Amino acid sequence: MKLFHTADWHLGKLVQGVNMTEDQQYTLAQLIADIETERPDAVIIAGDLYDRAVPPAEAVQLLDSILETIVLQLKVPVLAIAGNHDSPSRLNFGSNLMRASGLHIVGELTYPLEPIVMRDGDGEVHFHLVPYAEPGKVRHLFGDERIRTHNDAMGKITEAIRAKMDPQARHVLVGHAFVTPQGEARDNTSDSERPLSIGGAEHVSAEHFRGFAYTALGHLHQAHHVGSGTIRYAGSPLKYSISEEHHRKGYLIVELDREGNSHIEKRELIPRRDMRTVEGRIEEIERHRINEDYVFVRLLDEAPVLSPMERIRSVYPNAMHVERKTPVAGLGGEAAAAANGRAKMDDLSLFQAFYYEVRGTVLPPETEQLFVETLQELRQEEGERDEAAEAYHDGVRAV
């Protein structure tokens, strides 16, 4: 059985205020062309179809057009799940009706977990679609008060799946999580990925996926495998932050044989515009040829540069950011290094360091919990405000 594994489309994504819809359409058209040529048995989309719970109209239209082409015109089934950026209820709407046409989309986690069964010349393949769900949701669904972290939740879900596995079939799990070899952090993240939780509770152990012929994952934007080569992230089809500058974007072609062994090939997608760093003095940069790429410019000038973005955009009209590569003013080497180190800390680590500097003691557990709860509330409110603002602007544009 041949599968196309893709994830993290983030339709409707804004990068530095730039709408990426046209770039997404350009890149995903290549995926559709490959589907038409190679005729896979199914296409997997492992979460984050949209970039936000309330996507803009053009993102909805683009997804509708892509799914119509793959499912109705090319007659290739699609297996998709909600990611942490998606609205589970919105993706779930009409799923029972669409299933008959070959679109299997799961937004809400339900129990009991029923697989999607497909067949090839070697027998059945059972697809277990596990959408993103908060640990509290899984705790309530299974009635297990011991579930407190994402690792606990995934362990409970996969335990329930294995309990009902047909030993004669091959099994594929589709999930959206931060999976690492032993459930610890690994440096495969990028700036465009929204944390699933705070303080390390988002990490899921790869041990939970034993027994599956292949595990198709979404959430991390860099394509890679975790532990066993059968646990894979396809990565996002486009670069969504400068931290992904050196990623090779694309999707995975997975072929399962009779015994469930997998042959995996990475297929790259060519972007409409690359995203990269440009470094140099302003006079050198102004001598470059005009280029349409999305660039983040690092100026090496020691003297102040007047109107730097305007000057850079005369050469790079889609420049997204400009900064000066200079030491932190007034700080020596060690102090500057410390300041730069703090700039790279996550919110909890930064608050822990701040608390220690001010109080001279480590952050007490009860204070840490209060900080985490408050920060999560603020992030949720910020997300709701962003969605409300986008809906308002959509309304204004419609008028």
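**Rings, helices and a sheet**

Mentor: The structure holds 4 aromatic pairs. This is a predicted model, where local features need pLDDT of at least 70, side-chain atom pairs count only at pLDDT 80 or more, and totals for chains, interfaces and linings use all residues. Residues are numbered from 1 along each chain as its sequence is written, and side-chain values use heavy atoms, with hydrogens and water left out.

Trainee: What makes F351 and F354 a tilted pair?
Mentor: Rings of Phe, Tyr and Trp (its six-membered ring) pair if their centres lie within 6.5 Å; planes under 30 degrees apart count as stacked, over 60 as edge-to-face and the rest as tilted. The centres of F351 and F354 are 6.3 Å apart and their planes stand at 35°, so the pair is tilted.

Trainee: Why is the pair of F351 and F371 called stacked?
Mentor: Here the ring centres are 4.2 Å apart and the planes are at 0°, so F351 and F371 are stacked. F351, F354 and F371 form one aromatic cluster.

Trainee: Which helices do F351 and F371 lie in?
Mentor: Helices (H or I, at least four residues) and strands (E, at least two) are DSSP runs, numbered from the N terminus. F351 is in helix α10 and F371 in helix α11 (residues 365–398), so their pair ties together parts 20 residues apart in sequence. F351 and F354, in contrast, both belong to helix α10 (residues 347–359), 3 residues apart, about one turn of the helix.

Trainee: Why does F351 count as partly exposed?
Mentor: Buried means under 20% relative accessible area, exposed over 50%, and partly exposed in between (1.4 Å probe, protein chains only). F351 has 23% relative accessibility, so it counts as partly exposed. Across the 399 residues of the protein chain, 46% count as buried.

Trainee: What makes β6 and β16 the edge strands?
Mentor: Two strands pair if DSSP finds at least two bridges between them. The open sheet has 6 strands in the order β6-β5-β4-β1-β15-β16, with mixed pairing. β6 (103–106) and β16 (262–268) each pair on one side only, and these are its edge strands.

Trainee: How do you know that β15 and β16 pair?
Mentor: Strand β15 (residues 250–256) is joined to β16 by 7 bridges, and the two run antiparallel.

Trainee: How many helices and strands does the protein chain have?
Mentor: It comes to 11 helices and 19 strands.
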